[in-house]
Amino acid sequence: MQRTDSGERPASPARMCVVCRGRFPKSSLRRYVLAEGAGLVPDPRAVLPGRGHYLCANPECAEKFSKYSVRPRRRRGGQGE
Ligand SMILES: [Zn+2]
């Protein structure tokens, strides 16, 4: 693979912040993985299996991310939480 766009190449692949949908180098994002029964758990070392959800360093995104839910489908009777 030889691409000489402008002489510079991205240091790392870009990923999309799930909140603001901005694209950032993967190294500057925090990775979360949706864990069964536990919701989104941080995965700083990118060792967990599953689909990664990335969060950028913007505090606003962090706040929204806490409310962000992937909504696992619960198949339980309506027992009210
Ligand atoms: Zn963001």
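Are Asp-43 and Arg-31 buried or exposed? Asp-43 is buried, and Arg-31 is buried too. Some notes on how that pair and a few other spots look follow.

1. Ground rules. This is a predicted model, where local features need pLDDT of at least 70, side-chain atom pairs count only at pLDDT 80 or more, and totals for chains, interfaces and linings use all residues. Residues are numbered from 1 along each chain as its sequence is written, and side-chain values use heavy atoms, with hydrogens and water left out.

2. Asp-43 comes out at 2% relative accessibility and Arg-31 at 15%; buried here means under 20% relative accessible area, exposed means over 50%, and partly exposed is in between (1.4 Å probe, protein chains only). Their side chains meet in a salt bridge at 2.4 Å, N to O. For that term, a side-chain nitrogen of Lys or Arg has to be within 4 Å of a carboxyl oxygen of Asp or Glu. Side chains of opposite charge can pair when their charged atoms come close.

3. Where the two sit. Arg-31 belongs to strand β3 (residues 30-35), while Asp-43 is in the loop between β4 (39-42) and β5. Strands are DSSP runs of E with at least two residues, helices are runs of H or I with at least four, and both are numbered from the N terminus.

4. What else Arg-31 holds on to. Its side chain makes a polar contact with the side chain of Tyr-54 at 3.3 Å, and the Arg-31 side chain also reaches the backbone oxygen of Leu-48 at 3.3 Å. A polar contact is a pair of N or O atoms within 3.5 Å; within protein, one must be able to donate a hydrogen and the other to accept it, and residues adjacent in sequence count only if both atoms are side-chain atoms. Leaving out residues up to four places away in sequence, Arg-31 touches a list of residues including Val-41, Pro-44, Gly-50 and His-53. With neighbours within four places set aside, Asp-43 is in contact with Arg-31, Tyr-32, Val-33 and Leu-48; contact means heavy atoms within 4.5 Å.

5. The other salt bridge. A search of the whole structure gives two. Besides the pair above, Lys-67 and Glu-63 meet through their side chains at 3.9 Å, N to O. Lys-67 and Glu-63 are both exposed. They are four residues apart in helix α1, so about one helical turn separates them.

6. The zinc site. The zinc ion takes its protein donors from Cys-17, Cys-20, Cys-56 and Cys-61, each through SG, at 2.3 to 2.4 Å. Donors are N, O and S atoms within 2.8 Å of the metal (3.2 Å for Na, K and Ca), and water is not among the atoms, so sites may look incomplete. Angles of 100 to 119° among the four donor atoms make the site tetrahedral, a label that needs all angles between 85 and 135 degrees. The donor spacing in sequence is C-x2-C-x35-C-x4-C. Cys-20 is partly exposed at 38%, whereas Cys-56 is buried at 3%.

7. The aromatic pair. The count comes to one: Tyr-32 and Phe-65, tilted, 4.6 Å centre to centre with 50° between the planes. Tyr-32 is in strand β3 and Phe-65 in helix α1, so the pair ties together parts 33 residues apart in sequence. Rings of Phe, Tyr and Trp (its six-membered ring) pair if their centres lie within 6.5 Å; planes under 30 degrees apart are stacked, over 60 edge-to-face, and the rest tilted.

Key. Tetrahedral: all angles 85-135°; square planar, octahedral: opposite > 155°, others 65-115°.
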